[in-house]
Amino acid sequence: MQELALLAVVAVLIIVVVSYTAPKLKVAAPVLLVIVGMACSQLPGAPELFVEPDWILVVVLPPILYAAAVNVPVVDFRRDLGTIGALSVLLVVVSAFGTGLLIWWLIPDLDLAAAVALGAVISPPDAVAATSIGKRLGLPPRLVTILEGEGLVNDATALVLLRTAVAAIAGTVSFWSALGDFAYAVFVGVAAGAVVGVVSVWARSRIRNQPVLTTAISLVVPFLAFLPAEELHASGVIGVVTAGLITGHQSAKRFTAHDRISERTNWRTIQLLLENGVFLLMGFEITAVIADVHAAGQGVWTAISLGLLATAALILLRVVFVIPLIAALRRQQRGAGAMTDRIESLLDRLTARGPHPDHERRYAKATRALQRRHADAAFFASEGLGWRGGGVLAWSGMRGVVTVAAAQSLPTDVPHRAELVLIAFTVAIVTLILQGGTLPALIKLLGIQGTDAEHERRELARLATEIHTAAQALVDNPALTRENGKPFDAALLDKTRKRSLATAEVIDKMLGERDPDSPLQQRRELQRLLIDAMQNALLDARAGGTYGSHTLDRAQNLIDIEAARFSS
């Protein structure tokens with residue numbers, strides 16, 4: 001037990017060091033962790049480490065998916081649901097059967113169902129390496145969202161397909177029964193995740209000023225969504241993703257600012273440790289996987305060669321699949337401009353006519369629907385995904401968590417099981433090192449740029465104006481009253497009004513200011529120095545023991561709030 005605890009501590013330290021060092025080396029952390037894990041497994045006295053696949057699929061996978069889902073913008077996910085669905089469902093099925101048929105042909109005495117099961121294991125890409133590289137190098141947000149969405153949903157397709165293939169090994173499974181199982185898994189998984197997401201958000205929104213309790217609920221939400229769905233033989237992965245998307249979307253409306261900050265920090269930490277821990281484990285376990293192949297009397301180099309062939313097939317299938325997908329997206333972009341003009345015309349006519357006295361709610365609903373469709377069309381017209389983006393999408397096929405766990409969950413009585421597991425590990429490691437290692441160079445070679453900085457600045461300024469206008473309208477509202485029904489003090493309202501105007505001016509200057517020696521920049525720098533001075537004085541007071549701990553904690557909280565306000 002002490003040895004395992006020591007290994008866990010060392011693993012966390014390695015993850016932190018590698019995550020800190022990888023950006024400086026311009027290498028994705030997952031790629032470097034796999035290499036470090038392989039190196040650690042070769043150290044003298046290194047223990048043979050085997051983690052039960054259920055630990056990864058049931059304990060590790062749900063939090064990883066939930067942590068990613070709560071940070072995915074639901075609006076962007078909805079807009080690209082067709083593209084995400086094509087990549088995470090159709091491409092996974094094509095890849096599973098394509099590589100499965102290849103392995104079946106190359107290993108004659110292997111059952112077709114077992115070969116397809118291996119295909120399902122190696123078919124879902126893990127988007128972590130791709131998105132970490134993409135965000136660091138400034139990929140367009142739409143491309144990042146598509147990669148994240150694919151990584152969230154394709155695991156469900158692969159695991160359902162794996163379950164069907166394993167069932168086919170023992171008996172017969174028809175096409176229609178497999179299709180029905182998939183539809184059932186998706187429908188029940190979405191329903192279970194939606195219920196958990198809505199109920200957990202409601203419960204957390206009712207608990208005020210108790211962040212420890214809301215955090216405790218947050219930590220169990222992935223398992224509340226995953227386990228019941230799996231017990232119902234549905235997709236727990238879909239349940240977790242649905243719960244995460246609902247939570248992330250509702251957080252702005254239902255959670256306090258403190259809860260949102262805690263949510264982001266907690267889940268980013270969990271995602272960092274769990275996801276990178278699996279990549280480290282992947283590299284470390286390769287020695288044990290090779291030993292299993294030797295013990296089974298099978299050829300190690302034969303399995304590695306098959307893994308390399310499967311990797312080539314997966315890359316080729318993805319490239320071939322992405323070509324028509326990008327062509328369809330380009331057609332969508334061309335049609336979006338005309339659609340924008342038509343919707344604008346409809347909105348103008350609707351606004352000119354105005355609401356009917358008896359149908360104001362219907363008018364408001366129709367206006368919101370048209371505005372949303374106009375925003376969607378404008379998004380497709382301005383955020384198109386061209387062939388250069390398609391090149392990045394085609395090369396972002398790194399395998400990861402699910403491939404490692406699912407490979408080791410293959411039934412023990414499957415012929416060539418040890419060889420199949422090594423094939424899966426080979427695919428995962430080669431794709432991570434080959435594609436993950438060369439993706440930054442490809443992005444730079446293609447010259448892909450993210451959102452224009454000036455466009456972002458203008459958009460942020462427009463949004464800040466809308467927010468300030470809403471705040472000013474509240475202060476100017478003559479019907480504004482306190483909770484007890486009494487009016488606010490006129491002098492306080494006037495002071496708040498002036499402060500709001502001053503804040504708006506500061507924001508406007510900050511958005512347009514680029515001079516490092518401007519008064520605004522000097523003010524921000526001076527404010528940081530003042531906060532540092534206050535923090536040092538608090539530390540001295542804490543060391544002196546003159547003040548009570550409760551008083552010190554309250555003072556620390558006030559300083560932290562001030563620091564967060566000026567660092568944002």
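Trainee: Where does His233 lie?
Mentor: His233 is in the loop between α10 and α11 (236-254). Before we go on, this is a predicted model, where local features need pLDDT of at least 70 and side-chain atom pairs count only at pLDDT 80 or more, while totals for chains, interfaces and linings use all residues. Residues are numbered from 1 along each chain as its sequence is written, and side-chain values use heavy atoms, with hydrogens and water left out.

Trainee: Thanks! Is His233 buried or exposed?
Mentor: His233 counts as exposed because its relative accessible area is 60%. For the cut-offs, buried is under 20% relative accessible area, exposed is over 50%, and partly exposed is in between, using a 1.4 Å probe and protein chains only.

Trainee: And what is its phi?
Mentor: The phi of His233 is positive, about 60 degrees, although this residue is not a glycine. His416 also has a positive phi of about 60 degrees and is not a glycine. You'll find His416 in the loop between α16 and α17 (417-446).

Trainee: Let's zoom out. How many helices and strands are there in the protein?
Mentor: The protein has 21 helices and 0 strands. Both are DSSP runs numbered from the N terminus: helices are H or I with at least four residues, strands are E with at least two. Of the 568 residues, 41% are buried.

Trainee: Which residues of α2 are buried?
Mentor: Among them are Val31, Leu32, Leu33 and Val34, along with Gly37 and Cys40. Helix α2 (residues 29-41) has 13 residues and spans 18 Å from first C-alpha to last, close to the 18 Å expected at 1.5 Å a residue. That expected span is 1.5 Å times one less than the number of residues.

Trainee: Now packing. At what angle do α3 and α16 pack?
Mentor: Helix α3 (residues 53-69) and helix α16 (residues 401-408) pack at about 155 degrees, with axes 8 Å apart. That makes α3 roughly antiparallel to α16. Angles under 35 degrees count as roughly parallel, over 145 as roughly antiparallel, 65 to 115 as roughly perpendicular, and the rest as oblique. The axes are lines fitted to C-alpha atoms over the stretch in contact, and angles run from 0 to 180 degrees between N-to-C directions.

Trainee: Which residues make that contact?
Mentor: From α3 they are Pro53, Ile56, Leu57, Leu61 and Ile64, and from α16 Val401, Val402, Ala405 and Gln408. Contact means heavy atoms within 4.5 Å. By class, there are 8 nonpolar residues, 1 polar and no charged. Here Ala, Val, Leu, Ile, Met, Phe, Trp, Tyr, Cys and Pro are nonpolar, Asp, Glu, Lys and Arg are charged, and the others, Gly among them, are polar.

Trainee: What about α1 and α12, how do they cross?
Mentor: The axes of helix α1 (residues 2-25) and helix α12 (residues 257-295) come within 10 Å and cross at roughly 100 degrees. So α1 is roughly perpendicular to α12. Their contact has 7 nonpolar, 3 polar and no charged residues.

Trainee: Last one: what does Arg208 touch?
Mentor: Leaving aside neighbours within four places in sequence, Arg208 is in contact with Arg254 and Thr256. Arg208 sits in the loop between α9 (175-206) and α10, and at 48% relative accessibility Arg208 counts as partly exposed.
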